[in-house]
Every structure is written in structure tokens, then in C-alpha cells.
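The sequence and structure are shown first.

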Amino acid sequence: MNPMNPTQTLPYTPLVKTLLPTRSALRDLLLVLGGSLFVALCAQASIPTQPVPITLQTLGVLLVGAALGSRLGFLALVAYLLEGLVLPVFAGGKTWAATSFTAGYLVAFPLAAFLVGYLVERFGTDRSPWKTLLAMLLANLVIYALGVPWLGYMLAGIGKYAGVEAVLQAGMIPFLAGDLVKAVIAAALLPTAWRLIGRR
């Protein structure tokens with residue numbers, strides 16, 4: 001076992017690293033860029049509700065974290081955020097300049113991807129539907145923990161803050177059912193992928 005290769009020392013290897021076990025700088029770069037592109041594509045599947053759109057973006061974030069692992073998942077989402085400085089990769093074809101209300105959610109994406117990847121690497125959560133579902137829901141809490149307070153702050157800045165309940169109604173409650181559906185989708189996809197490749 002090569003002690004310099006963290007892919008080989010993890011209790012559980014993430015899906016993509018199992019399929020591409022030979023670590024190299026080129027492999028990691030391509031996976032990071034591919035992960036960021038996947039999230040960007042998911043972000044374009046959106047319903048432009050205000051002030052926070054409904055998108056498949058979070059599903060992309062969590063799948064990337066699970067498939068790439070904590071380190072590469074985190075880097076993929078950092079790359080996604082950096083791309084948003086100049087490219088229209090966010091929901092609705094937006095860049096950072098048009099995301100003032102949703103910036104908190106975006107900043108939370110690398111942390112959510114890292115958490116999902118960490119749970120996969122340490123506990124093999126993506127091998128079990130129920131464990132996958134739990135990991136996805138925990139990561140969604142991370143996104144809300146940063147996104148909702150920032151939304152409240154921005155609403156207060158324009159004189160539209162109407163209390164905690166109103167902020168939750170604007171930035172969390174309408175999305176909970178969709179988040180549960182996306183978590184269920186991930187809980188079906190990831191264990192199925194492991195069964196298809198015949199490894200656990």
C-alpha cells in the first residue's frame with residue numbers, strides 16, 4: 001500500500017475513486033472540473049421562485065460529494081464558486097453579481113459536499129439507502145444553516161425583514177419536500193451504482 005495515496009487508506013473508498021483508483025494530479029483535476037460542471041448543469045434545472053429559486057443544484061452538490069469524497073468534492077464545489085465569478089453557472093444562468101440573496105447557500109456548498117464525502121469515507125454511507133438518506137439530510141442542514149441567516153441579513157438590509165418565521169418561509173420551508181425527494185433519489189442512485197459495479 002502506498003502511504004502517499006490517501007485513496008488507498010480510507011476505510012471506505014468513494015465511488016469514482018473505486019472506478020479510477022490510480023491517483024494522479026491529472027485525474028484529480030479532471031474530477032474536480034467534471035464535478036463543478038455537473039453541479040452547474042444541475043443548477044440550470046430551476047424554477048425561478050423569489051428570493052430563492054427551486055433547483056436541482058443541491059442534488060448535484062451532494063452527489064458530487066458522495067462520488068468524489070471529501071477532498072475532491074470540496075474542491076469541486078470551490079471550483080464551481082470560482083467559476084461563478086465570471087461564468088453564468090448558477091441557477092438561472094447567473095454569476096456572483098446576481099446572487100446577493102442566495103450567497104449563503106452557495107458558500108455552504110463546499111462544506112456540504114465535504115460532509116457527505118467524509119461520511120462516505122468513514123462510514124460507507126453511500127452503500128446503504130438509509131445511511132445515504134441520512135447523510136443527504138444532514139448536508140442539507142449545513143446548507144440551510146448558512147443560507148437562511150444570510151437571507152435574513154440581506155432582507156434586513158433592504159428593509160424587508162419580517163421576522164424569523166418569514167425568513168424560514170422564504171428560504172427553507174417551501175424547499176423541504178423537494179430536498180427530501182432529492183435525498184431519496186440519491187439514496188436510490190448511490191447504492192444501486194455500487195451494486196452495478198459489484199463492489200462494496
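## Basis of the description

Axes are lines fitted to C-alpha atoms, for helices over the stretch in contact, and angles between N-to-C directions run from 0 to 180 degrees. Helices (H or I, at least four residues) are DSSP runs numbered from the N terminus.

The model is predicted; local features need pLDDT of at least 70, side-chain atom pairs count only at pLDDT 80 or more, and totals for chains, interfaces and linings use all residues. Residues are numbered from 1 along each chain as its sequence is written, and side-chain values use heavy atoms, with hydrogens and water left out.

## Helix α3

Helix α3 has 12 residues and reaches 16 Å from its first C-alpha to its last, close to the 16 Å expected at 1.5 Å a residue; the expected span is 1.5 Å times one less than the number of residues. The helix is mostly covered, with 12 of its 12 residues buried (under 20% relative accessible area, 1.4 Å probe, protein chains only). Among these buried residues are Gln57, Thr58 and Leu68. Gly69 follows α3 and has a positive phi, near 95 degrees.

## Packing of α3 with α2

Helix α2 (residues 25-43) packs with helix α3 (residues 57-68) at an angle of about 160 degrees, and their axes are 7 Å apart. The angle therefore makes α2 roughly antiparallel to α3 (over 145 degrees). The crossing of the two helices, α2 and α3, is right-handed, meaning that the near helix is turned clockwise from the far one by less than a right angle.

In this contact (heavy atoms within 4.5 Å), Leu31, Gly35, Phe38, Val39, Cys42 and Ala43 of α2 meet Gln57, Gly60, Val61, Leu63, Val64 and Leu68 of α3. The residues of the contact of α2 with α3 comprise 9 nonpolar, 3 polar and no charged. Here Ala, Val, Leu, Ile, Met, Phe, Trp, Tyr, Cys and Pro count as nonpolar, Asp, Glu, Lys and Arg as charged, and the others, Gly among them, as polar.

## Packing of α3 with α8

Helix α8 (residues 176-197) packs with α3 at an angle of about 30 degrees, with the axes 10 Å apart. α3 passes α8 in a right-handed crossing. On the α3 side the contact is made by Thr58, Leu59, Leu63 and Ala66, and on the α8 side by Asp179, Lys182, Ile185, Ala186, Leu189 and Leu190. By class, the contact of α3 with α8 holds 7 nonpolar, 1 polar and 2 charged residues.

Terms used:
Angles under 35 degrees count as roughly parallel, over 145 as roughly antiparallel, 65 to 115 as roughly perpendicular and the rest as oblique. Buried means under 20% relative accessible area, exposed over 50%, partly exposed in between (1.4 Å probe, protein chains only).
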